[in-house]
Every structure is written in structure tokens, then in C-alpha cells.
Amino acid sequence: MPLVRAATAPDLNRNRLVLTGRICVRPGVVPISFYGSRHTPVPELHANLSNMVVQWRYLPHLVLPVKIKKIELRDGYKRFHHLTIDLGEAPRRIVALVGPNGCGKSSVLDGIMLRMGNVGSKGGRDQGYHSMFGTPYQASNSIFIELENGSVNEVLAERKRSGKRATMLSFRSSYRYNNQVKVSAVQATNPIAQNNYGASVAGDLDEKMEENYRRLHAKYNHYRDSTDSKPSEAKAKIIGDLNKSLTTCLDIEIENLGNIEANQGTLYFKKADHPKPFEFNVLSSGEKEVIDILLDLYLRQEDYDDTIFLIDEPELHISSAIQRKLLIEINRLIGPNCQLWVTTHSIGFLRALQEDLESQCQIIEFKPGIRYAAENITLRPIKPTVQVWRDIFETALDDLAKLVSPRRIIYCEGRAEPGPSGRERGMDALVLNEVFGASRPSTQFVSSGGNTEPDQRSAIALSILSKVFPSVEIYVLKDRDIVSGRRATEQDRQRYLKENEDSHRVLKRFEIENYLFDEEVIKAYCASEGLMFDAAKYGSLVSNIVDDDVKQLTGAIKKVCGIDTSISAERFKINLAKAIKPGMVVYEELEACIFQRQ
């Protein structure tokens with residue numbers, strides 16, 4: 001049997017292999033064999049093969065996680081002169097391509113299919129479709145794709161030997177036609193693992209609903225016969241599986257699978273306020289879209305268990321509330337060893353990515369105004385800060401983005417007058433938005449003037465916003481100069497918190513510069529910038545980082561870092577804020593003060 005790859009036992013254990021076949025350890029070691037069923041996990045592998053180099057051979061039904069790490073579309077592919085999407089060494093399960101209409105999101109999916117191929121039944125398109133210049137386009141030379149577990153050629157060769165070549169990709173175009181399903185005759189369908197029906201490129205019409213209805217009946221028949229179930233039991237099982245997905249998105253359920261022999265070859269549904277079951281053909285376009293997508297994914301679950309799913313703008317005809325639920329359900333239906341690439345600019349999908357699927361997704365933003373057709377462009381996953389989310393939501397909502405992004409507003413001291421286009425100018429707010437932008441993307445820090453003005457402005461905001469947007473939390477954050485005539489102590493701070501509303505917070509240190517100029521932060525900043533930290537000079541400047549007024553030391557702190565070029569105090573402080581990361585003492589103290597009111 002041909003050799004597939006070499007790996008250490010911990011690597012095999014991390015990938016959580018599920019296999020049928022045998023494992024051989026060589027050379028110079030007694031072979032170890034393991035036999036099991038396709039769905040039997042083998043946790044003892046790690047113990048048996050610890051610290052050994054394992055070479056394993058082709059195994060039928062081997063399931064490996066499959067993820068794209070990097071893709072390059074070179075030499076004028078469609079809209080791009082030379083586009084690189086780099087997901088890094090740890091690509092996530094969901095890759096969302098976000099941007100306005102016409103930015104080229106769908107072209108990326110086409111490029112993946114052209115290089116990895118064999119999808120659908122539409123036959124693809126001519127060279128004018130794939131090449132910017134209308135000339136023959138050589139995908140094998142001009143499209144580079146790096147996978148997490150090997151090169152494209154190696155992985156495709158493995159899958160061809162295992163009989164899983166056709167299920168490398170699963171594609172849904174945005175042009176879905178499912179207006180009517182009315183099957184009047186039973187006929188055979190090709191195995192779904194052949195992947196030879198539906199769209200072949202993003203511009204194709206994706207007609208799958210009728211054939212999937214036939215496949216659903218075939219699945220019912222197979223389950224009934226293989227489990228020796230009664231017809232009613234088998235139908236209840238299949239309908240129950242489908243309704244588990246369907247009811248998470250819509251307020252309808254499948255009532256029965258229809259009867260082809262009786263010229264009732266369609267799905268029938270029920271709804272709480274409807275007097276009798278009604279057929280698929282009378283559903284709204286949005287309901288049909290949801291059912292079409294969920295049914296297709298349900299039917300593919302068994303054979304497409306290590307697949308890259310490509311779904312082009314699945315939000316067509318679907319309201320934003322349903323969009324969010326749909327993406328969550330799509331993620332549930334797709335197997336754990338799969339990757340999902342989805343293109344979107346919808347509100348609901350963006351919300352799901354921002355809040356529900358944040359830890360599982362990477363977002364690639366196609367910003368307007370970039371010369372994609374004329375220059376080499378590299379796109380990497382965005383850092384999900386408040387401002388980035390605001391920019392993305394503007395694609396879907398234009399100027400309404402400001403109403404949907406922040407969930408928590410924190411008024412702090414600093415320059416209240418905004419800059420151009422409402423840009424924040426207060427130092428405290430700029431710093432704190434930088435520090436917590438990625439970890440708290442729904443929080444917005446806002447400057448509102450001197451010591452007493454945050455109280456006044458927050459009171460106005462509470463009285464107005466709490467009525468219009470009751471879910472918005474509003475806090476007041478103050479420096480530790482809350483008493484007059486003397487320096488406030490920790491006891492003063494605790495007394496202030498006890499005597500004021502829960503919405504009030506107070507910094508433990510004198511002011512924001514006492515966090516920025518902390519030795520831990522200065523060292524991290526110097527290390528990231530390749531600068532030499534002068535510990536002796538720092539020690540002579542700062543004796544009490546908690547209580548001293550260190551703002552006046554900005555110029556001297558720059559010299560501690562070895563900075564002798566011209567850089568504004570504001571820019572220097574923002575750069576220091578970027579060096580504050582989770583796990584640092586400064587970060588944890590700020591987080592406790594602001595979000596936990598400690």
C-alpha cells in the first residue's frame with residue numbers, strides 16, 4: 001500500500017484520528033496493528049506509540065481535519081492581479097469573506113474550485129470567466145493553495161486512493177432555484193459522494209432541491225431497511241432529524257415526506273396557526289432558501305466528513321434574525337473535521353460571526369478602494385476591534401452601524417470634542433479602546449470631559465439610551481482624583497464605589513499613564529519594537545508607579561526606550577497601549593477595575 005505521511009504519536013492524537021485498518025511502526029520496532037470500526041475513536045494510540053515516529057499507510061475511510069491555510073490567486077485570476085489570503089499557521093474552522101458587492105468574494109471560491117475541482121454538474125466556464133485577460137488560465141501553475149495537512153497535490157492523491165476525491169469540496173452558489181418541488185415518478189439518483197449535481201462555479205444556477213428530495217426518500221428507505229424499522233418509525237427518525245435543524249431557524253416543521261406514488265411528491269409542513277399541512281411550493285422564498293440549504297447539508301453529513309464547504313452568500317431572501325440562526329445551524333451540521341468558507345455582507349451573519357462564532361472564525365475583509373486588479377494584495381484575518389466591526393457593519397448598514405455595534409458605553413475623562421467624522425480625541429478612551437478592542441469588541445470607551453462631566457453626560461445618556469436601547473450598559477470611569485485638597489487613597493476609592501451607583505468605576509492607579517508607563521508595559525513595548533530598555537534610567541525616574549503623577553515623564557520615558565526620533569506623546573502612548581496584552585498584570589488590573597468593579 002502507498003505511504004501517506006509520517007507523524008509523531010502526539011500529532012496523531014491531536015488530530016483525533018478515527019480509522020479502519022492497521023498501523024505499522026517501523027523501522028526497528030515491532031509492528032503494532034489496530035482494527036476498529038469507522039466511528040471508533042482510538043485514545044490508546046497516544047499511550048501505545050508515545051515518543052515513536054509513526055509511519056501509517058493508506059486506510060479506507062481515514063478521516064483527517066482539512067483546512068486551507070493560505071491561497072494565492074496569481075497571474076490575473078478574474079478580478080485579482082495577485083491576491084493572497086493568509087490565515088496563519090492555525091486556520092480556524094470558519095473563514096468569512098466580508099465585503100460589498102463586486103469586491104471579488106465569490107471569485108475566491110471559484111479559484112479554490114478551479115484548483116481543487118470536480119464540483120457540480122454545470123461544466124464550469126470558458127477561459128474568459130477565469131482569466132482577467134480572456135486567455136487560457138493554468139490553475140496548477142497560477143493558483144497556490146496550502147493546506148493544514150499537506151500540499152494540494154498530496155492531499156488530492158490521498159483522497160483519490162481512498163475514494164474520497166470528489167468530496168474534497170462542497171459548494172453552494174448564491175443563485176439557488178427551488179421554486180417548486182413536485183415529484184411524480186420514482187427514479188434512481190447517483191450517490192451523493194460523487195458530487196456531480198448543482199453549480200460548478202459561483203455564477204451557476206444551483207438546482208438541488210428536487211434531487212435532494214429524491215435523496216431524502218432514498219435515505220428514508222435505507223434507514224428503514226438497514227434497521228428493520230417500521231415505516232412510521234423510520235419516517236419519524238428522518239423527520240425528527242430535519243426538524244431539529246429547521247425549528248432553530250423557522251417557526252414551521254416538516255409534517256410528512258409526501259408520497260411520490262400518489263402524485264404527492266413534495267415535503268409537507270405544519271405551523272401552529274395553520275389548520276392543515278401545506279406543501280413546500282407555497283412557502284416563502286426565504287423559507288425555501290433555509291430548507292434548501294439545511295436539507296443539502298443534512299444529506300451530506302455522512303460522506304462529507306472531511307470536506308471544505310464553500311457557501312456563497314447564503315442570506316438571499318432571508319431576514320437578518322433568521323440569517324444569524326442559519327449560520328449557527330450550518331456550523332452545527334458541518335462535521336468537526338471540516339472547514340467552512342462563506343461569503344457575506346449581511347447583518348445577521350455578521351452578528352453571528354461577532355458574538356456566537358467568534359472563537360471559531362477568521363474574517364477576511366475586502367475593503368473598498370483597494371487596487372485588487374492592479375497590485376499584489378495580501379489579506380489576513382482582521383483583529384475584531386470595535387472600530388473594525390463598525391467599518392464592517394457599515395457595508396451592510398451604512399451610517400446605522402453605530403447603532404448596532406456597541407453594547408456597552410463607558411464614559412471616561414478626557415477631551416470631549418470629537419475630531420473629523422466623530423473621531424475620538426480623548427487619550428483615556430483611545431488607550432482603553434486599544435487595550436480592550438479585541439477582547440471586548442462590543443464595548444466603546446467615550447471621552448466626556450473633566451472630572452465631573454462624565455457624571456453629567458452619563459446621566460443624560462442613561463435617561464435617553466436606556467429607553468431606546470434597554471440592553472445598552474453605560475458606565476462611568478474616573479481617575480483616582482476623586483477627593484479634593486489631597487491625594488486619594490485606596491480607602492477613598494473603595495468608599496466612593498460603595499457610596500455611588502454600580503455604574504461607577506475608579507482606576508486603582510493615579511491615571512491612565514500610570515498603567516502605560518508600568519515597567520512591564522515598557523519592557524514589552526521595547527521587545528516588540530527591537531528597542532533597548534534602560535532599566536537603571538527607568539528606576540531613577542519612577543519610584544511609585546501606582547501613586548505618582550507620571551504623566552509629566554512622557555519625554556523621559558521615551559528616552560528610557562532609546563527613542564531619539566520625533567514621535568508625538570499621543571502616538572507614543574497609543575503604541576504603549578498596543579503592548580498591553582491579556583495575562584499581563586496591568587491588563588488584569590484594568591479589567592478588574594472596569595468590568596468587575598473591583
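This is a predicted model: local features need pLDDT of at least 70, side-chain atom pairs count only at pLDDT 80 or more; totals for chains, interfaces and linings use all residues.
Me: Why is helix α11 largely enclosed?
Reply: Buried means under 20% relative accessible area, exposed means over 50%, and partly exposed lies in between (1.4 Å probe, protein chains only). Among the buried residues of α11 are Phe 349, Leu 350 and Leu 353. Arg 351 and Gln 354 are on that list too. Helix α11 (residues 347-356) is largely enclosed by the rest of the structure because its buried residues number 7 of the 10.

Me: Which residue caps the N-terminal end of α11?
Reply: A polar contact is a pair of N or O atoms within 3.5 Å; within protein, one must be able to donate a hydrogen and the other to accept it, and residues adjacent in sequence count only if both atoms are side-chain atoms. Here a side-chain oxygen lies 3.1 Å from the backbone nitrogen of Phe 349. The capping residue is Ser 346.

Me: How many helices and strands does the protein chain have?
Reply: Helices (H or I, at least four residues) and strands (E, at least two) are DSSP runs, numbered from the N terminus. The protein chain has 598 residues, and 50% are buried. Its secondary structure comes to 22 helices and 21 strands.

Me: Which residue of β14 stands opposite Phe 171?
Reply: β8 and β14 (residues 308-312) are joined by 4 bridges in the parallel sense. Ser 170 faces Phe 309 across this pair. Both faces of β8 are covered: Leu 169 and Phe 171 are buried on one side, Ser 170 and Arg 172 on the other. Opposite Phe 171 stands Leu 310.

Me: Why does Asp 206 count as buried?
Reply: Asp 206 sits in strand β10 (residues 205-206). Residues that touch it include Phe 171, Arg 172 and Tyr 175. A polar atom of its side chain lies 2.8 Å from the backbone nitrogen of Ser 173. Asp 206 counts as buried because its relative accessible area is 0%.

Me: Which strands form the edges of the mixed sheet?
Reply: This open sheet has 5 strands in the order β7-β6-β3-β4-β17. Within it, β3 (residues 68-73) and β4 (residues 82-86) run antiparallel, joined by 4 bridges. The edge strands pair on one side only: β7 (150-151) and β17 (376-379).

Me: At about what angle does helix α3 run to β6?
Reply: Helix α3 (residues 105-116) lies across β3, β4 and β6 (143-147). Its angle to β6 is about 85°.

Me: Which elements give two or more residues to the lining of the second largest cavity?
Reply: On a 1 Å grid over the protein atoms alone, a cavity is a set of points where a 1.4 Å probe fits but cannot get out, and lining residues have an atom within 4 Å of a point. Grid points are joined across faces, edges and corners, and the volume is the space filled by probe spheres set on the points; the second largest cavity holds about 70 Å³. Its lining includes Leu 242, Ile 254 and Leu 294. The elements asked for are α8 (231-246) and α9 (285-300).

Me: What is the phi of Asn 263?
Reply: Most residues other than glycine have a negative phi. Asn 263 lies in the loop between β11 (253-256) and β12 (268-270), and counts as partly exposed because its relative accessibility is 47%. Although Asn 263 is not a glycine, its phi is positive, at about 60°.

Key: Residues are numbered from 1 along each chain as its sequence is written. Side-chain values use heavy atoms; hydrogens and water are left out. Two strands pair if DSSP finds at least two bridges between them. Contact means heavy atoms within 4.5 Å. Axes are lines fitted to C-alpha atoms, for helices over the stretch in contact, and angles run from 0 to 180 degrees between N-to-C directions. On a 1 Å grid over the protein atoms alone, a cavity is a set of points where a 1.4 Å probe fits but cannot get out, and a pocket is an open set with protein on both sides within 12 Å along at least five of seven lines; lining residues have an atom within 4 Å of a point. Lists of a residue's contacts leave out its neighbours within four places in sequence.
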